[in-house]
Amino acid sequence: MLQDTQTELVKLLLPEGLLNYFEVTKVKSVNHEIWIYIEELNDPPIEFSNDKLLSKGFLPEICIQDFPLRGKKVLLYIKRRRWHNTRTNDIVLRDWNLVQSGTRITSEFASFLKELSR
């Protein structure tokens, strides 16, 4: 029950729709900062549903600043996943522009993801 409550609380703090694609792995309070670690789920992009994709770990972790919370700076440490396409032998990443053009996420989440690709 406590885990469900914590998950619901984190959903309120993060951009809407984020937990559809990512999971929170750790939250730390360090001095006057809150560090939230998130990893992309091992859920391959739908546009590659006809290909066999194997998870090949993560891209290097990035850190972006989110809105402050109770006077504390909030930092998101984000690990995006990559997959190996066994048919083409290419590395595949989720195309956030494609996700943005659909109706599955909010503009706030789209802006958040756009910041990831910079």
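Reply: Happy to. Helix α1 gives the largest share of the lining of the largest pocket, six residues. Keep in mind that this is a predicted model, where local features need pLDDT of at least 70, side-chain atom pairs count only at pLDDT 80 or more, and totals for chains, interfaces and linings use all residues. Residues are numbered from 1 along each chain as its sequence is written, and side-chain values use heavy atoms, without hydrogens and water.

The pocket has a volume of about 340 Å³, the space filled by probe spheres set on grid points that are joined across faces, edges and corners. A pocket here is an open set of points on a 1 Å grid over the protein atoms alone, where a 1.4 Å probe fits, with protein on both sides within 12 Å along at least five of seven lines; lining residues have an atom within 4 Å of a point. Of the 13 lining residues, Q6, T7, V10, V24 and V27 are the closest to the pocket centre. Two or more lining residues come from each of α1 (2-13), β1 and β2; helices (H or I, at least four residues) and strands (E, at least two) are DSSP runs numbered from the N terminus. By class, nine lining residues are nonpolar, three polar and one charged, with Ala, Val, Leu, Ile, Met, Phe, Trp, Tyr, Cys and Pro as nonpolar, Asp, Glu, Lys and Arg as charged, and the others, Gly among them, as polar.

Now to the strands. β1 runs antiparallel to β2 (residues 33-40), joined by eight bridges, and V24 has I38 in β2 as its bridge partner. Both strands belong to an open, mixed sheet of four, ordered β1-β2-β5-β4; strands pair if DSSP finds at least two bridges between them. β1 (22-30) and β4 (62-69) are at the edges with a single partner strand each, so one side of each lacks a neighbour in the sheet.
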